Amino acid sequence: MSLKDSHPNGSQGQVLLEEKRAKIIELRNLLGAVPEKLLLYCHDASISRYLTARNWNVKKAAKMLKETLKWRLEYKPEEIHWDEIAHEAVTGKIYRSNCFDKFGRSILVMRPGFQNTKSIKGQIRYLVYCMENAILNLPADQEQMVWLIDFHGFNLSNLSIKVTKETADVLQNHYPERLGLAILYNPPKFFEPFWTVVKPFLEPKTYRKVKFVYSDNQSSMKLMEEFFNMDELDQAFGGKSDAEFDIKEYANRMREDDKKRLVYNSRGNDDACSLVVGEEPPRNLVEIVPDESVEENLRKSSSLDEMVANRDELSEGDKHQVSQEKYVN
């Protein structure tokens, strides 16, 4: 029986649920001992996202999750604080909106034309901070977010294959199934050939979530009305809200969120993985392993190093599938 998304009923649904639960348990067993600080990222809902990203192939999903755990040990995304990356945010090139979409998903607004720094490392670090913050603010019944990308002020100097590739790597490898929808709003004509170049960096599951929307195209604008409350949506995206990005107000919000994340992470160390498919942890994590040697073993794991070297690649078919497509409902 396929474990791909379906809508089974009755006994068929129960069988599917049991199969998924068995795969979650199998993957957890493959992980082995996990450092205490990483157990927050090994609950059932998280494991399920990695399995979904790899079409419920347990071995592939386990490799993917192990790579993320190693990345989190080294990169420490949960330790990035506002004052460290505030200089990246002053123009409002990426910020979390005050509102949610109609499905209750956090909204990250991106304005690549407002780029204000040249350090790719700094830009990616700010993106990671924004991803962590958006996830922190997701409602209890939501696991995904929305990206609204405003191309106002965008020009040729803003095109960067390197930044796009690194953004895709972070999103797909370490935040699987976190993106629910990406709206590219009024991209200029010169962006279209660039899209054909960078599209192969994206997995089919990811680029199918990308929608091109044009303010002068009523058909594509219906997509905005379908997903967003137009009274709350920024005028830059065809909405009615005239609220503007205020760096001082936003800085206060982010510092409060930093405090909230600190409490969340400290509580998580005393808690454990849920045993129900699709649930976030009720803060009761299993397999607590405080031994620091576990972290060192994870860092030095030859299997992890091999995995990084042999990261899943796009199929040859995907590499050559670079036709210009505009995803408009």
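Residues are numbered from 1 along each chain as its sequence is written, and side-chain values use heavy atoms, with hydrogens and water left out. Because the model is predicted, local features need pLDDT of at least 70 and side-chain atom pairs count only at pLDDT 80 or more, while totals for chains, interfaces and linings use all residues.

**View 1. The largest pocket and its lining.** The largest pocket has a volume of about 810 Å³, where a pocket is an open set of points on a 1 Å grid over the protein atoms alone, with protein on both sides within 12 Å along at least five of seven lines. Its lining, meaning residues with an atom within 4 Å of a point, holds 34 residues, and M110, P112, V163, T164 and T167 lie nearest the centre. Helix α6 (161-174) is among the elements that supply at least two lining residues, and α6 gives the largest share, 5 residues; helices (H or I, at least four residues) and strands (E, at least two) are DSSP runs, numbered from the N terminus. By class, the lining has 23 nonpolar, 9 polar and 2 charged residues.

**View 2. The ring pair of W71 and Y75.** In the whole structure there are 16 aromatic pairs, that is, rings of Phe, Tyr and Trp (its six-membered ring) whose centres lie within 6.5 Å, with planes under 30 degrees apart counted as stacked, over 60 as edge-to-face and the rest as tilted. The rings of W71 and Y75 are stacked, because their centres are 5.2 Å apart and their planes stand at 20°. These two residues are 4 residues apart in helix α3 (residues 58-75), so about one helical turn separates them. W71 is buried at a relative accessible area of 14%, whereas Y75 is partly exposed at 22%; buried means under 20%, exposed over 50% and partly exposed in between (1.4 Å probe, protein chains only).

**View 3. The ring pair of F191 and F212.** F191 and F212 form a tilted pair, 6.3 Å centre to centre and with 50° between the planes. The pair links distant parts of the chain, since F191 belongs to helix α7 and F212 to strand β6 (residues 210-213), 21 residues apart. F191 is buried at 7% relative accessibility, and F212 is buried at 1%. Ring pairs link F151, F154, F190, F191, F194, W195 and F212 into a cluster.

**View 4. The largest cavity.** A cavity is a set of grid points where a 1.4 Å probe fits but cannot get out, and the largest one has a volume of about 130 Å³. Of its 14 lining residues, Q172, P176, E177, E203 and T206 lie nearest the centre. Domain 1 (19-75) and domain 2 (79-262) both give residues to this lining, so the cavity lies between them; the domain bounds come from an automatic or database domain assignment.

**View 5. Positive phi at W56 and N186.** Most residues other than glycine have a negative phi. W56 has a positive phi of about 65°, lies in the loop between α2 (44-53) and α3, and is buried at 6% relative accessibility. N186 has a phi near 55°, is placed in the loop between β5 and α7, and is partly exposed at 30%.

Methods: Points joined across faces, edges and corners; volume = space filled by probe spheres on them. Nonpolar A, V, L, I, M, F, W, Y, C, P; charged D, E, K, R; others polar.
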